[in-house]
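Here is a short briefing to read alongside the model. Have the viewer open and follow the topics in turn.

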Amino acid sequence: MSSQETNDLAAVAEALRAHDRFLLTTHENPDGDALGSLLAAKLGLDQLGKDTVMVIHGDAPLPGEYAFMALGELRRRWPDDVAERVLVALDCANESRIADPEILGRVPLSINVDHHHDNSRFGQINLIDSTASSTGEVLRDVFRELGVTLTPEIAEALYIALVTDTGRFQYTNTTPKALRLAAELVEAGADVHRVFQGVYETVQFAKLKLLARALERAQVYEGGAIVVSYLLRTDFAEVGAAEPYSEGIIDSLRAVEGADMAVLIREPPRNDGPLRRVSLRASVDELDVSAIARKSGGGGHRQAAGFSSDASIDEITDFVRREFVAARQPA
């Protein structure tokens with residue numbers, strides 16, 4: 001961690017100590033790191049006697065695999081007293097990832113805690129550690145600074161953040177620090193088997209049917225180096241799937257032998273927002289898919305990124321193929 005980021009850690013801890021009322025949020029279409037970090041932050045600040053509210057603004061359903069988490073207090077609308085609460089945005093690479101980014105102008109102070117290397121540093125105080133495996137790992141550093149005790153509940157929320165963003169400790173962001181943190185969280189009471197069953201062995205039948213459609217349509221390009229598939233809006237309705245059911249499908253595409261990049265284009269089953277969302281995954285270190293995503297206004301990690309587009313499926317496919325070929329050209 002750079003000296004600048006070390007200073008940010010102290011600044012975040014000081015702001016959390018100095019204020020009493022907080023509004024905690026994360027990105028739309030949340031994943032395990034988003035939800036785990038959100039819940040851990042609430043539990044940690046509650047332990048310090050703070051007044052906290054968790055919000056993911058909007059009506060989009062949450063991924064079913066996280067239904068076992070203690071998110072009963074999660075709200076889907078901002079509280080009336082937002083002007084009196086400090087906003088803590090967790091795992092948001094830029095303000096557009098917050099479902100209602102205008103909230104930044106309504107709060108007295110905004111704190112941005114994240115691990116995406118292309119974070120836009122939209123907060124008034126920013127703690128961005130791009131070497132961290134997950135936002136949950138960054139949050140553990142914050143808790144240590146604040147003297148928060150790792151209860152079993154906090155440990156399990158952080159473990160969910162860690163295990164999902166490292167792909168069950170298989171991705172290249174699985175550092176020695178991440179593995180040491182996993183051991184610490186298990187020692188503190190995180191139930192590894194409960195998390196595994198909840199996240200990975202509670203697959204809705206409709207999600208299985210959605211996966212089948214994506215696999216049926218998968219195509220390979222550039223001699224097998226790219227695997228591309230798509231899901232239509234009608235697919236979600238026909239199999240009875242909500243939008244979060246598409247989470248994780250791209251990992252099946254990335255697993256194809258010889259594939260350096262996987263692409264999943266999906267039409268969200270909602271009329272608001274972009275026509276299509278595109279997920280990109282890399283299987284090789286040399287390929288930075290976040291650079292491809294940024295060319296279409298998106299972003300993310302080197303090996304996992306995404307963007308939104310109103311272009312057609314064929315146009316998006318041509319774009320990612322073209323950018324993939326360009327990225328492999330010697331500088």
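**The cavity and its surroundings**

The largest cavity holds about 80 Å³ of space. A cavity here is a set of points, on a 1 Å grid over the protein atoms alone, where a 1.4 Å probe fits but cannot get out, and its lining residues have an atom within 4 Å of a point. Grid points are joined across faces, edges and corners, and the volume is the space filled by probe spheres set on the points. Please keep in mind that this is a predicted model, in which local features need pLDDT of at least 70 and side-chain atom pairs count only at pLDDT 80 or more, while totals for chains, interfaces and linings use all residues. Residues are numbered from 1 along each chain as its sequence is written, and side-chain values use heavy atoms, with hydrogens and water left out.

- A search of the whole structure finds one cavity of 30 Å³ or more.
- Elements giving two or more residues to the lining of the largest cavity are helix 1 (3-18), helix 2 (32-47), strand 3 (86-90), strand 4 (110-114) and helix 3 (135-146). Helices (H or I, at least four residues) and strands (E, at least two) are DSSP runs, numbered from the N terminus.
- Helix 3 gives the most, with four residues.
- Among the lining residues are Val12, Leu45, Val88, Ile111 and Phe143.

**Salt bridges**

- The count comes to 29 salt bridges, each being a side-chain nitrogen of Lys or Arg within 4 Å of a carboxyl oxygen of Asp or Glu.
- Arg294 pairs with Asp118, with the closest N and O atoms 3.5 Å apart. Arg294 lies in helix 10 (residues 289-294) and Asp118 in the loop between strand 4 and strand 5 (125-128), so this pair ties together parts that are 176 residues apart in sequence.
- Arg217 forms a salt bridge with Asp235, where the closest N and O atoms are 2.6 Å apart. Arg217 belongs to helix 7 and Asp235 to helix 8 (residues 233-239), so the bridge ties together parts that are 18 residues apart in sequence.
- Asp235 is buried, at 1% relative accessible area; buried means under 20%, exposed over 50%, and partly exposed in between (1.4 Å probe, protein chains only).
- Within helix 3, Arg144 and Asp141 sit three residues apart, about one turn of the helix, and their side chains meet in a salt bridge (3.1 Å, N to O). Arg144 is partly exposed at 47%, whereas Asp141 is buried at 10%.
- Both also belong to a salt-bridge network that links Glu137, Arg140, Asp141, Arg144, Lys177 and Glu184.

- Ala161, in helix 4 (residues 152-165), is buried with a relative accessible area of 0%. Leaving out residues up to four places away in sequence, Ala161 touches Gly32, Asp33, Gly36, Ser37, Ser134 and Gly136, where contact means heavy atoms within 4.5 Å.
- Arg254, in helix 9 (residues 249-254), counts as buried at 13% relative accessibility. Beyond its neighbours within four places in sequence, its contacts include Tyr171, Arg281 and Gln303.

**Positive phi in two loops**

- Most residues other than glycine have a negative phi.
- Asn29 has a phi near 50° and is found in the loop between strand 1 (21-26) and helix 2.
- Glu222 also has a phi near 50°, in the loop between strand 6 (219-221) and strand 7 (226-231).

Note on methods:
1 Å grid on protein atoms, 1.4 Å probe; cavity = no way out; pocket = protein on both sides within 12 Å on 5 of 7 lines; lining within 4 Å.
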